[in-house]
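Please find my comments on this entry below.

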Amino acid sequence: MQVPAYVEYEKATSVQHALSLLAKFGPEAKVLAGGHSLIPMMKLRLAQPETLIDINGLADLSYLTVVRGELRIGAMTRHAQLLDSAAAGQHFAILHDAERVVADPIVRLWGTIGGSLCQADPSEDLSAAFAALKANMVIATLDGERTVPARDFHTGPYETVVAPGELLTAIRIPIRPGGGSAYEKVGRRVGDWPVAAAGAAVWLDGDTITEAGIGLTAVGAEHFSSAAAEEFLRGAPATEATFARAGQIAAEHCRPASDQRGPADYKRHLAGELTIRALRRAARRARGGSG
Ligand SMILES: Cc1cc2nc3c(=O)[nH]c(=O)nc-3n(C[C@H](O)[C@H](O)[C@H](O)COP(=O)(O)OP(=O)(O)OC[C@H]3O[C@@H](n4cnc5c(N)ncnc54)[C@H](O)[C@@H]3O)c2cc1C
């Protein structure tokens, strides 16, 4: 039987209380959100915090709302809430596409958006979706808060800019007219982590792409994105030929590793093909189409 090491437990009653507890117990304390990643890691002794700060009581971090031209998502919002949110689906269909294929309903009911991002698994679906949308992450400290672009949030596998003593509190995505977005994933079976996945967000003026975001996961893409493909897309016509070239660029710029989910060349092929499919669907949605 896998049993975690002895750990102290504290239940936070507010964001300020959670931050005080983090300051009190120092770098060996860890935040407990849904626990779907942290608890298995503790059982395997890959994580051995001295104190768990449980933030499940922080109802004020569980929300999805449109404020001042942004979709705002509290860090304690569960995957299932994001999937249920009409506002999220209306403005950013990519989030619903991605949530439909994150794990299974049990994980989605309790796993949180903040926990997924802070876990920083290199195969995390939402990291690619938020990278495509160029979201911003709000991080609270005892001294106030700071905002970090999604692309600066992850500093490496299982590492983020959230320092000991800090708390991710929200994700904010600017809503701009003329946009469409989509997410495409290939997994070995339903509910599994991706072999590879790609997200696309495009903004159109007529048939011209004025702005684009490409998110990639599980393929070793820098910052879960493809800056080179985005640069190529900006100002280009929204055509099949453009999408094909963008897919080629995205595939060239990622660095997948061969593992139990497949060989590197297969993942590279998927990165390109899934980018093309996501772009095609994102552009259709930007033009007002569905599906
Ligand atoms: C069976 C299974 C299948 C899965 N499949 C997929 C999949 O297909 N795709 C996918 O993307 N994910 C998948 N996941 C991952 C799942 O989405 C995450 O494990 C889960 O949502 C993480 O969120 P959590 O709330 O459980 O985080 P926790 O496990 O509680 O925390 C994870 C880490 O983040 C830290 N943390 C949490 N919240 C905060 C915060 N607000 N501020 C600072 N630090 C914080 C914790 O200290 C910990 O280090 C799967 C997980 C399981 C168990």
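The points that follow refer to a predicted model.

1. Ligand shell. The ligand is surrounded by 31 residues, and V31, G34, S37, T112 and D125 are the closest of these. At least two residues of the shell come from each of β2 (29–32), α7 (113–119) and β10 (167–174). The largest share is that of α7, which gives five residues.

2. The side chain of T112 places a polar atom 2.6 Å from a ligand oxygen. Backbone atoms also take part: a polar backbone atom of L38 is 2.7 Å from an oxygen atom of the ligand, and a backbone N or O atom of D192 is 3.1 Å from a ligand oxygen. The ligand taken alone exposes 970 Å², of which the protein buries 90%.

3. Aromatic residues. Which aromatic pairs does a search of the whole structure find? The search returns zero. The charged end of R78 lies over the ring of W110, at 3.7 Å from the ring centre. R176 has its charged end over the ring of W203, with 4.1 Å to the centre.

4. E184. The side chain of E184 makes a polar contact of 2.9 Å with that of R281. Beyond its neighbours within four places in sequence, E184 is in contact with A197, A198, L274, R277, A278 and R281.

Notes: Residues are numbered from 1 along each chain as its sequence is written. This is a predicted model: local features need pLDDT of at least 70, side-chain atom pairs count only at pLDDT 80 or more; totals for chains, interfaces and linings use all residues. Side-chain values use heavy atoms; hydrogens and water are left out. Rings of Phe, Tyr and Trp (its six-membered ring) pair if their centres lie within 6.5 Å; planes under 30 degrees apart count as stacked, over 60 as edge-to-face and the rest as tilted. A charge sits over a ring if NZ of Lys or CZ of Arg is within 6 Å of the ring centre and within 35 degrees of the ring normal. A polar contact is a pair of N or O atoms within 3.5 Å; within protein, one must be able to donate a hydrogen and the other to accept it, and residues adjacent in sequence count only if both atoms are side-chain atoms. Contact means heavy atoms within 4.5 Å. A residue is near a molecule or strand if one of its heavy atoms lies within 4 Å of it. Accessible areas come from the Shrake-Rupley method with a 1.4 Å probe; for residues, only the protein chains shown count as cover. Helices (H or I, at least four residues) and strands (E, at least two) are DSSP runs, numbered from the N terminus.
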